[in-house]
Amino acid sequence: MRFNTKAIHAGQKLEETTGAVMPPIFQTSTYAQEAPNVHQGYDYARVGNPTRTALENMIAGLEGADECACFASGVAAMDGLLKMFRPGDHIIASNDLYGGSYRLFTQVFEPFGIKFSFIDMTDLNLVKEAFTDHTKMLWIETPTNPLLRVVDIKALSDIAHDAGALAIVDNTFASPYLQRPLELGADAVLHSATKYLAGHSDVIHGAVASSNEKIMENLRFQIKSGGAVPGPMDCYLVLRGIKTLAVRVERAVSNAKKVAEYLDNHPKVGMVHYPGLSSHPQHELAKKQMDDFGAMVSFSLKDDSMDAANKFMSNTHYFTLAESLGGVESLISHPASMTHGSIPKEVREKAGLKDSLIRLSVGIEDADDLIADLEQAF
Ligand SMILES: *Cc1c(COP(=O)(O)O)cnc(C)c1O
């Protein structure tokens with residue numbers, strides 16, 4: 001089955017009693033049992049729900065994984081994953097990553113004794129040097145947020161495995177339509193399904209897909225014990241969104257390429273960050289590792305001040321000023337004060353995140369309308 005077909009059919013079956021084409025929203029907390037410990041695969045809905053199962057089978061199919069576990073949000077999925085580590089364990093993470101991931105690592109897990117190093121993963125030597133005897137995992141985000149750097153999943157997975165560590169990829173920005181990390185050697189893939197997978201800015205949801213039994217067993221245990229599970233309605237919405245993932249992302253990428261080229265030629269723009277531009281430092285790697293370049297674009301202004309960025313952002317009409325990304329509508333945001341506000345200024349600047357940096361999540365509107373909107377905002 002090729003990807004476009006998978007997005008409709010992977011792991012799906014008709015509902016047995018009625019033949020419903022879409023799985024029903026099984027709005028139930030518990031299931032009748034014939035006898036203690038004798039049931040039809042479900043006993044209590046924290047542990048499992050058929051609507052959730054349909055979605056898990058779909059995401060596993062898209063990522064080429066044996067299994068998938070769904071959570072109430074992307075950060076809940078990360079939280080579940082990280083609980084397989086123990087005090088003293090060391091994790092190497094990208095230094096250009098989702099602000100909420102940074103907060104979870106440094107403010108929740110570090111106080112419990114797990115250690116983190118934040119490294120520029122575009123430099124493989126820096127990653128190798130960061131390993132200690134206790135390193136258990138590489139946390140890879142690519143393309144990175146918000147600077148759209150591209151890091152080498154295959155090379156990093158090999159480095160992790162040589163050291164007996166796991167390589168886990170946050171695939172939220174690319175979506176499985178553009179990038180499938182497990183095929184490149186990663187051990188697990190995480191999604192904030194809130195973004196491209198659901199795609200309509202109407203649900204918060206997270207997922208991890210993997211064929212590694214130890215990881216999946218831990219996640220099942222965390223779901224049962226910690227209980228950060230999504231409701232059946234949310235699972236239904238994500239599954240519904242995935243059915244159009246391929247066509248949505250295809251259009252969004254086509255728009256993003258035009259927007260990036262327009263910005264790249266604009267006299268008021270400082271630097272454009274988009275892996276599809278031939279000037280992008282990892283353009284060749286992006287070509288190799290991704291099927292296309294994604295629909296996230298960020299850029300700084302020649303006037304590198306918060307004021308200039310604020311003024312620009314308050315002038316756009318189709319680009320709505322909002323956090324989040326990956327929906328059908330275009331969004332604009334200011335990482336330094338919004339998504340990455342929880343990262344200290346020194347750390348931010350060291351990673352190259354400028355005050356005037358503006359991030360666009362390019363939607364599926366008409367490209368010419370989007371460009372006209374940006375033009376009048378300048
Ligand atoms: C949004 C996001 C998350 C967190 O997901 P939520 O669904 O908001 O909890 C994690 N990683 C990346 C790259 C994200 O963009």
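1. A residue is called buried when its relative accessible area is under 20%, exposed when that area is over 50%, and partly exposed in between, with a 1.4 Å probe and only the protein chains taken into account. By this scale D158, at 38% relative accessibility, counts as partly exposed. D158 is found in helix 6, where helices are DSSP runs of H or I with at least four residues and strands are runs of E with at least two, both numbered from the N terminus. The C-alpha atoms of D158 and A186 are 8.7 Å apart in space, while the two residues are 28 apart in sequence.

2. The model is predicted, and for that reason local features need pLDDT of at least 70 and side-chain atom pairs count only at pLDDT 80 or more, whereas totals for chains, interfaces and linings use all residues. Residues are numbered from 1 along each chain as its sequence is written, and side-chain values use heavy atoms, with hydrogens and water left out.

3. The ligand is surrounded by 13 residues, and the closest are G74, D170, S192, T194 and K195; a residue is near a molecule if one of its heavy atoms lies within 4 Å of it. By class, this shell holds four nonpolar, six polar and three charged residues, where Ala, Val, Leu, Ile, Met, Phe, Trp, Tyr, Cys and Pro count as nonpolar, Asp, Glu, Lys and Arg as charged, and the others, Gly among them, as polar.

4. A polar side-chain atom of T194 lies 2.7 Å from a ligand oxygen, a polar side-chain atom of K195 lies 2.8 Å from a ligand oxygen, and a polar backbone atom of G74 is 2.9 Å from an oxygen atom of the ligand. The protein covers 94% of the 380 Å² of accessible area that the ligand has on its own, an area that comes from the Shrake-Rupley method with a 1.4 Å probe.

5. G74, one of the residues closest to the ligand, also belongs to helix 3, which spans residues 74-82 and has eight of its nine residues buried. The buried residues of this helix are G74, A76, A77, M78, D79, G80, L81 and L82.

6. The loop between strand 4 (135-141) and helix 6 (153-162) contains P143, and P146 has its place in that loop as well. Which kind of peptide bond joins T142 and P143? The bond is cis, with omega about -10 degrees, and the peptide bond from N145 to P146 is likewise cis, with omega near 10 degrees. For comparison, most peptide bonds are trans, and most residues other than glycine have a negative phi.

7. L148, also in the loop between strand 4 and helix 6, has a positive phi of about 55 degrees although it is not a glycine, and L148 is buried at 1% relative accessible area. S201 too is not a glycine and has a positive phi, here about 50 degrees. The place of S201 is in the loop between strand 6 (188-192) and strand 7 (206-210), and with 45% relative accessibility S201 counts as partly exposed.

8. G326 lies in the loop between strand 10 (320-321) and strand 11 (331-333) and is buried, with a relative accessible area of 2%. G326 and S192 are 134 residues apart in sequence and 10.0 Å apart in space, C-alpha to C-alpha.

Note on methods:
Polar contact = N/O pair within 3.5 Å; in protein donor to acceptor, adjacent residues only side chain to side chain.
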